[in-house]
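Here is a short tour of how two chains meet, followed by a look inside each of them. Keep the viewer open beside the text as you read.

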Amino acid sequence: MQPIIEQTSAGLYCPIGDFYIDPSRPVHRAVITHAHSDHARFGSQNYLSSVEGEHLLRLRVNADAEFMFVKYGEVVNRGGVKISLHPAGHILGSSQIRIEHRGQVTVITGDYKLEPDPTCSPWEPISCHHFITESTFGLPIFRWPSQATVQDSINHWWKTNQEEGRCSVLYGYAIGKSQRLLAGLDPSLGPILTHGAVEKGIQAYRDSGLALAPTRYVDQTLTKDLIPKSLVLAVPSAHGTSWLKRFGKISTAMASGWCMMRGWRRRRSMDQGFLISDHVDWPSLLKAVQLADAEMVWVDHGFSQVVARYLNDNGQPAKSIGRGSREENEDEQNINAILSTEAAS
Amino acid sequence: MIRFANLYKQLDATTKTNQKVAALVDYFSLVDAADAAWATYFLAGNRLSRLIPTRLLRQWAAEAAGIPDWLFEESYHSVGDLAETISLVVPPSQSQSDRSLTDWINTELSPLGQLPPQDQQQRILEIWSKTNTETRFVVMKLMTGGFRVGVSKGLLIRALAKHSGVSPDVIAHRMMGQWEPNRESFEALVNPDETGWEASKPYPFCLANPIPADKNINHLGDSNRYIAEWKWDGIRCQIIRRESQVFLWSRGDMLMENTWPEIEAAAEKIPNGTVLDGEILATNSEGSVLPFDQLQRRIGRKRVGKKLLHEVPVVFHAFDLLELNSEDIRQLPFHSRRERLEVLFERLNDTNLKTTEVVQANQWQDLTEKRSRSRENLAEGLMLKRLDSPYSVGRVQGHWWKWKVAAETIDAVLIYAQKGHGQRANLFTDYTFAVWDGDALVPFAKAYSGLTRQEIQQVDRFVRQNTNDTFGPVRSVTPQLVMEIAFEGIRKSKRHKCGVATRFPRISRWRHDKQPADANTLSDLHRLIESYREPSSDQ
Ligand SMILES: [Zn+2]
């Protein structure tokens with residue numbers, strides 16, 4: 001089987017259809033899995049993405065580009081190659097890219113998860129010949145607990161903080177994580193305040209037609225009496241900055257799959273870590289590979305070598321195409337966040 | 001056990017000592033004395049004897065998780081902690097055993113050591129099947145030894161004092177020596193009746209402030225207002241002689257028993273009602289001081305054997321007198337205390353008890369010169385004590401100064417890196433440095449600390465991008481980064497491949513301005529050794 005996708009310095013490329021998937025630098029034609037900054041990069045001339053993710057993508061990339069937004073399952077033809085997008089369950093509008101040429105099917109998962117998420121369409125399995133999967137959490141130590149339990153514990157943490165007169169500050173990425181957290185919060189407990197970057201993401205979700213609980217952007221007009229009862233949704237880079245001073249006594253928490261590791265939690269010096277991830281854990285990753293039933297699996301960023309070796313050992317031909325681990329990148333972002341001393345706004 | 005696991009989680013989640021104390025006090029008030037005893041025992045740093053080899057635990061965990069051994073090891077390298085890796089890799093259980101900590105120790109853990117391996121495996125699988133990730137982690141921590149959760153002895157003492165209302169000094173004293181983790185011991189530990197321990201009570205130690213290596217010494221004023229002594233690297237110790245008993249206290253509220261029998265014996269000559277402050281040093285028969293690594297051989301043993309007593313004889317070098325004729329004289333000026341000390345020691349005349357040598361000098365210039373020869377005397381520098389100062393509590397500015405000589409430095413090339421543990425489990429923070437031997441780079445020191453977080457991050461990225469080879473957790477990297485390595489001492493060593501061992505090596509700075517070719521050579525290191533004149537033994 002000759003792959004219809006190849007690796008290039010700008011990322012995955014389909015030479016027959018002449019397009020890139022999530023290119024790392026500006027190209028002529030880009031197909032975008034989702035609007036996170038390490039996938040949707042600024043500067044390409046033409047973007048193909050899902051309708052669900054339109055508002056989010058427009059936040060990220062140049063307005064003067066050409067856009068084509070398609071519904072899940074709709075087929076677009078590029079030089080004899082059939083492209084269609086299918087829900088990846090990662091964040092709003094996230095897609096797996098299905099590429100078919102002369103009966104040969106390749107699926108690129110982008111980032112994905114199998115558990116239900118009220119803020120986006122659920123992941124669906126696609127059988128294919130060639131499966132290209134992420135492996136951000138591709139180690140057997142990663143196993144997500146029931147999300148309902150974690151959400152309960154977040155609400156419980158909020159309530160406890162209220163009783164002790166502390167404001168709750170919950171960190172998550174501005175797009176995807178924050179909205180999913182918001183959907184799991186109990187708005188009857190108290191006001192939900194937002195950091196600027198998070199509020200922008202929430203607005204884009206609302207513009208996309210999602211009903212989310214009311215939030216309040218933190219600005220000068222915020223009155224002091226509200227604060228101890230509140231929960232603040234903020235980006236991790238706000239941690240340790242003077243922006244937090246306005247909230248007085250606080251308790252801080254991070255929601256991330258990396259919270260699984262004690263060393264990671266401690267390094268971030270947060271009071272709490274909640275185990276909520278928008279990526280596949282080890283069991284889900286294996287399940288997804290099994291359901292894809294592919295002749296060849298390529299394992300992309302994350303623990304790609306480990307996962308490829310494991311799959312090969314277990315009779316599934318696989319190859320690592322990891323270009324530097326996600327672990328490192330996100331780790332770096334987080335370290336930067338904590339090192340950063342300037343006030344976030 | 002669930003409560004104990006919960007306590008562990010609370011202690012681990014915060015860096016604030018007040019919150020840690022509160023969590024401990026909470027725990028002590030919830031559990032019975034037997035559980036409280038075990039918790040105290042573990043938090044004080046004691047451990048169960050090794051029940052099962054960790055090699056077997058890893059193997060069984062991999063089996064239980066349905067993964068090959070290499071994948072377990074990969075996971076371990078990412079997590080950096082064995083107990084944690086086991087607790088995460090083994091699938092979580094639905095049921096939770098709610099037996100008490102004491103029950104767990106007595107019926108689940110302690111008997112394990114006596115069983116044949118098959119039965120051990122069976123029991124371990126049962127343990128995993130009735131613990132969730134958090135409890136399993138704590139159980140595995142108890143089994144694998146390293147139980148550290150950022151609770152110092154002092155903090156534990158504070159919590160116990162707060163819980164019981166007994167004063168912290170009394171708790172500290174009661175925790176000394178052989179402390180058995182059972183109900184009776186704990187009840188005795190928190191018994192509100194505080195009488196009967198005053199005889200052993202030490203005074204809070206007076207501590208010295210460092211004089212920055214680059215600071216002009218003249219700012220201390222007239223040199224004649226100070227006494228200078230060599231600053232040795234030994235064990236700081238108060239000798240308490242009261243009611244015909246002898247107690248040796250080290251800094252950090254440790255009562256030392258059976259470690260220094262020759263000093264304990266000699267101290268019986270001291271009249272009752274006396275407290276001395278000084279330093280225990282290893283000293284050869286000619287009276288000169290031996291390096292700290294010799295002294296270290298005497299520490300941490302239950303009993304010191306004849307051979308060791310002979311090889312590493314020790315002497316108590318007294319430098320202060322805090323109590324005389326049962327009278328607290330700490331408020332007297334230092335020179336008067338020192339005079340009384342010398343009078344007392346003239347009468348004692350014991351080879352294991354000496355007063356410190358006063359370094360005679362007229363002016364700062366003279367002292368500066370003496371200080372520059374510290375290394376020849378195996379000292380770290382000079383101590384300066386104000387003649388009119390009282391024996392103060394803690395680190396009071398201006399009374400005692402330590403005036404260390406600057407550390408030696410060597411420019412070396414980073415050749416290996418390894419991920420750290422605990423807080424740094426995902427960053428490459430442990431480095432091996434090499435110097436040139438001809439056209440080969442030979443490793444000579446490992447260094448962990450000294451870089452800023454930002455620099456650690458940069459090195460981490462460099463390592464990931466420039467790995468040439470991996471040996472288990474160790475990455476061999478392109479020799480490109482040059483760093484200045486500072487250390488306190490250097491000597492010949494047969495155990496080290498390069499033939500040289502350094503003490504306390506650390507990174508003093510990153511030499512961005514230097515190329516690998518500019519790094520020092522092995523012969524530079526040997527020249528340094530000559531200048532130290534240290535014994536070349538390596539035992
Ligand atoms: Zn993403």
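Across the interface of chain A and chain B in this predicted model, five residue pairs are in polar contact, with both partners at pLDDT 80 or more. On the chain A side, helix H5 (262-267), helix H7 (304-313) and helix H8 (326-339) each supply at least two of the residues that touch chain B. Of what chain A brings to this surface, H8(A) gives the most, with eight residues. Sorted by class, the side of chain A that touches chain B holds 13 nonpolar, two polar and twelve charged residues.

How many salt bridges are there between chain A and chain B? The count is one.

Now for the extent of the contact. Chain A contributes 27 residues and chain B contributes 35 residues. Together the two chains bury about 2800 Å² between them, and carbon and sulfur atoms give 52% of that area. Which residues of chain A lose the most area to chain B? They are A:Arg262, A:Arg266 and A:Arg267, which together make up 23% of what the chain A side buries.

The table puts the interface values side by side.

| Item | Value |
|---|---|
| Residues from chain A | 27 residues |
| Residues from chain B | 35 residues |
| Area buried between chain A and chain B | about 2800 Å² |
| Share of that area from carbon and sulfur atoms | 52% |

Let us turn to a sheet in chain B. Four strands form an open sheet there, in the order S1-S11-S10-S2, with mixed pairing. Strand S1 (209-210) and strand S2 (226-231) of chain B each have a single partner strand, so they stand at the edges and one side of each is left without a neighbour in the sheet. S1(B) runs parallel to strand S11 (residues 400-404) of chain B, and two bridges join them. Within this pair, B:Asn209 stands opposite B:Trp401 in S11(B).

Finally, here is chain A as a whole. Its secondary structure comes to eight helices and 19 strands. Chain A has 345 residues, of which 61% count as buried. Among the contacts in chain A between residues at least 6 apart in sequence, 59% join residues at least 24 apart.

How values were computed:
Residues are numbered from 1 along each chain as its sequence is written. Chains are lettered from A and ligands numbered from 1 in the order in which they are written. This is a predicted model: local features need pLDDT of at least 70, side-chain atom pairs count only at pLDDT 80 or more; totals for chains, interfaces and linings use all residues. Side-chain values use heavy atoms; hydrogens and water are left out. Contact means heavy atoms within 4.5 Å. Buried area is the accessible area (1.4 Å probe) that two parts lose on being put together, summed over both. A salt bridge is a side-chain nitrogen of Lys or Arg within 4 Å of a carboxyl oxygen of Asp or Glu. A polar contact is a pair of N or O atoms within 3.5 Å; within protein, one must be able to donate a hydrogen and the other to accept it, and residues adjacent in sequence count only if both atoms are side-chain atoms. Ala, Val, Leu, Ile, Met, Phe, Trp, Tyr, Cys and Pro count as nonpolar, Asp, Glu, Lys and Arg as charged, and the others, Gly among them, as polar. Two strands pair if DSSP finds at least two bridges between them. Buried means under 20% relative accessible area, exposed over 50%, partly exposed in between (1.4 Å probe, protein chains only).
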